[in-house]
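Good morning, colleagues. Please look at the sequence and the structure on the screen, and I shall take you through them.

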Amino acid sequence: MSAFPFELSAQLVFTVLEDHVLIVAEQNFVIVNFKDHAALERVMYNVLPPSSGKSGGLGESLEKAKELNQLLLKAGLVVDVRVNNKTYVELGTGNMPKITANAVFGKVGSWFKRS
């Protein structure tokens, strides 16, 4: 018997505009993998609703990540968001989302790729 109320088993690819996102799930663990940081940014821009008029910036993003983390924690799910197979953010494993150095360096690197 599982310690979780449900188990997942799935492999799928979904496409947002031209970006393909791989999702693999097993038991209570879900991996969401983006090809590169630019694909992550494009998908997030096109999938998430725009913020209300005011730009909350980083603080607003962190609050949303904390809320999502708490929901996943209560549901017993772990979501590992990866870019090019490197973990960027892990949600559902503790009181706060775990943001890796890969995420920080990926964001900084994306600033230099813009023309």
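Predicted model: local features only at pLDDT ≥ 70, side-chain atom pairs only at ≥ 80, totals over all residues.

**Overall architecture**

The protein's secondary structure amounts to 3 helices and 6 strands. Here helices (H or I, at least four residues) and strands (E, at least two) are DSSP runs, numbered from the N terminus. Along the sequence, the pattern reads β-β-β-α-α-β-β-β-α.

Residues are numbered from 1 along each chain as its sequence is written, and side-chain values use heavy atoms, with hydrogens and water left out.

Of the protein's 115 residues, 29% count as buried. Buried means under 20% relative accessible area, exposed means over 50%, and partly exposed lies in between (1.4 Å probe, protein chains only). The protein exposes about 8,200 Å², of which carbon and sulfur atoms supply 61%; such areas come from the Shrake-Rupley method with a 1.4 Å probe, and for residues only the protein chains shown count as cover.

A contact means heavy atoms within 4.5 Å. Among contacts with a separation of 6 or more, 40% are between residues 24 or more positions apart.

**The nonpolar core**

Which residues have the most contacts inside the largest nonpolar core? They are V21, V30, V32, F34 and V79, in a core of 17 residues. Such a core is a set of buried Ala, Val, Leu, Ile, Met, Phe, Trp, Tyr and Cys residues joined through side-chain atoms within 4.5 Å. At least two core residues come from each of β2 (19-27), β3 (29-34), α1 (37-47), β4 (78-83) and β5 (86-91). In soluble globular proteins, nonpolar side chains tend to be buried together.

Not counting residues up to four places away in sequence, V79 touches V30, V32, L72, V89, E90 and L91.

Strand β2 also holds I23, which is buried, with a relative accessible area of 19%. Beyond its neighbours within four places in sequence, I23 is in contact with A10, Q11, L12, F14, V30, I31 and V32. I23 and V13 are 10 residues apart in sequence, and their C-alpha atoms are 6.1 Å apart in space.

**A buried asparagine**

Apart from neighbours within four places in sequence, its contacts are E90, L91, G92, T93, G94, N95, M96 and P97. A polar atom of the N69 side chain lies 2.6 Å from the backbone nitrogen of G92.

**Around β6 and the surface**

I99 lies in strand β6 and, at 48% relative accessibility, counts as partly exposed. Together with L62, V104 and F105, I99 forms a nonpolar surface patch with about 400 Å² of accessible area.

T100 is found in the loop between β6 (98-99) and α3 (101-113). With a relative accessible area of 23%, T100 is partly exposed. Leaving aside neighbours within four places in sequence, T100 is in contact with T87 and Y88. A polar atom of its side chain lies 2.6 Å from the backbone oxygen of T87. T100 and E90, 10 residues apart in sequence, are 8.3 Å apart in space, C-alpha to C-alpha.

Definitions and conventions. Polar contact = N/O pair within 3.5 Å; in protein donor to acceptor, adjacent residues only side chain to side chain. Patch = residues over 30% accessible without salt bridge, like charges linked within 9 Å, V, L, I, M, F, W, Y side chains within 5 Å. Salt bridge = Lys/Arg side-chain N within 4 Å of Asp/Glu carboxyl O.
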